[in-house]
Every structure is written in C-alpha cells, then in structure tokens.
Amino acid sequence: MSYNLLKGKKGVIFGALNEQSIAWKVAERAVEEGATITLSNTPIAVRMGETDALAQKLGCEVISADATSVEDLQQVFSRSVELLGGKIDFVLHSIGMSPNVRKKRTYDDLDYDFLNKTMDISAVSFHKMMQVAKKMDAIAEKGSILALSYMAAQRTFFWL
C-alpha cells in the first residue's frame, strides 16, 4: 500500500545488486511511495547483477560508477541532477564489500591490502560521495544522506 510519502522527491541509491540487497528493497519502496530515482553500482556489479532489471521495473536509469572514484561520483551526481530535473532530496549509500570475506580469509589470516580496499569501499567512499555532492551543490536544502554500513556511518564529516 502506497501513501505517496515521497511524491516529488528525487533520490540516488547506491548499492542495489539483487533482490536480497537492502538497496534493492529501498529502491522499490521509494518508487512505490512516489520518488523518482537513479541507481548506481560498479560496472562489474551491473554486468553480473540484476540492477538493469530493477531499473527497467522502476523506470529509472542505472549510472555505473566506482564509488571510490571521485570522477565517477561526479558523473553520478551530474547525471542524476540532469535526469531527475533538479537537486537530490535523498541519497542512500548501501555499499559494503570485503575481499577478505569473499575469499574466506579468517581473522588471523587477513590480507591487509584487502582490508584497505574494504575501508575504501565501505567507509571512505561515503565521505567521497558526500564531499562530491557538497562541492557540486547537488543536494537540495534539507536533503538526506544515509549510510547503511557501520564503517561509513561512523566516519562522516560535518556538512555545514
């Protein structure tokens, strides 16, 4: 049941990969509640996942981007502002990936290069995203940014 809670709101959702991902469910619900959105994920995730099917279902566009790349993030925000017709009202950063976990490395056998990559993807990319959005003045007044990974949520900077 929809209540049009997000009618007229514009959003960017990072991290929708498949039906099991939180970002996927948020994207579905946001559109159901009246929002218009863009989706973003890494090029390889878009190729290997089901993001294009979600975009088709929701009538939105996927903007492939490496969230650790400032240039890619600039493209996401400039393209989203263009596609959505104005500044962004909400951003969801639902990005978290650990090569150590994917490669089944135990705690006592961590690969520290993988750990650094995990921090870059899960936490530093959130800071980069916020910094890019602020510098581009892409977020509407009273807009919201939400991080769903613990590392990102704990490592933010003051917006003003």
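**Note on the predicted model: salt bridges, cores and surface**

1. Aspartate 137 is partly exposed, its relative accessible area being 47%, where partly exposed denotes the range between buried (under 20% relative accessible area) and exposed (over 50%), with a 1.4 Å probe and protein chains only. Its side chain meets that of lysine 87 in a salt bridge of 2.8 Å, N to O, a salt bridge being a side-chain nitrogen of Lys or Arg within 4 Å of a carboxyl oxygen of Asp or Glu. The pair links distant parts of the chain, with aspartate 137 in the loop between H6 and E5 and lysine 87 in the loop between H4 and E4, 50 residues apart. Lysine 87 is likewise partly exposed, at 37% relative accessible area.

2. On the basis of these values: this is a predicted model, in which local features need pLDDT of at least 70 and side-chain atom pairs count only at pLDDT 80 or more, whereas totals for chains, interfaces and linings use all residues. Residues are numbered from 1 along each chain as its sequence is written, and side-chain values use heavy atoms, with hydrogens and water left out.

3. The secondary structure of the protein chain comprises seven helices and five strands, taken as DSSP runs (helices H or I, at least four residues; strands E, at least two) and numbered from the N terminus. Along the sequence the pattern reads β-α-β-α-α-β-α-β-α-α-β-α. Of the 160 residues, 42% count as buried, and among contacts (heavy atoms within 4.5 Å) with a separation of 6 or more, 70% come from residues 24 or more positions apart.

4. The largest nonpolar core has 21 residues, and those with the most contacts inside it are Phe14, Phe77, Ile88, Val91 and Met129; such a core is a set of buried Ala, Val, Leu, Ile, Met, Phe, Trp, Tyr and Cys residues joined through side-chain atoms within 4.5 Å. Two or more residues each are given to this core by E1, H4, strand E4 (88-93), helix H6 (112-135) and strand E5 (139-147), with H6 giving the most, six residues. Apart from this core lies another, of 17 residues, including Ala23, Ala35, Ile37 and Val62.

5. The count of aromatic pairs comes to one, under a rule by which rings of Phe, Tyr and Trp (its six-membered ring) pair if their centres lie within 6.5 Å, with planes under 30 degrees apart counted as stacked, over 60 as edge-to-face and the rest as tilted. Phenylalanine 14 and phenylalanine 77 form this tilted pair, at 6.2 Å centre to centre and 50° between the planes. Phenylalanine 14 lies in strand E1 (residues 10-14) and phenylalanine 77 in helix H4 (residues 70-84), so the pair ties together parts 63 residues apart in sequence. Both residues are buried.

6. The whole structure holds seven salt bridges. One of them joins the side chains of arginine 79 and glutamate 61 at 3.3 Å, N to O, and links helix H4 with strand E3 (residues 61-64) across 18 residues. Arginine 79 is partly exposed at 23% relative accessibility, as is glutamate 61 at 30%. Aspartate 120 forms a salt bridge with lysine 128, the closest N and O atoms being 3.5 Å apart, and lysine 128 is buried, at 18% relative accessible area.
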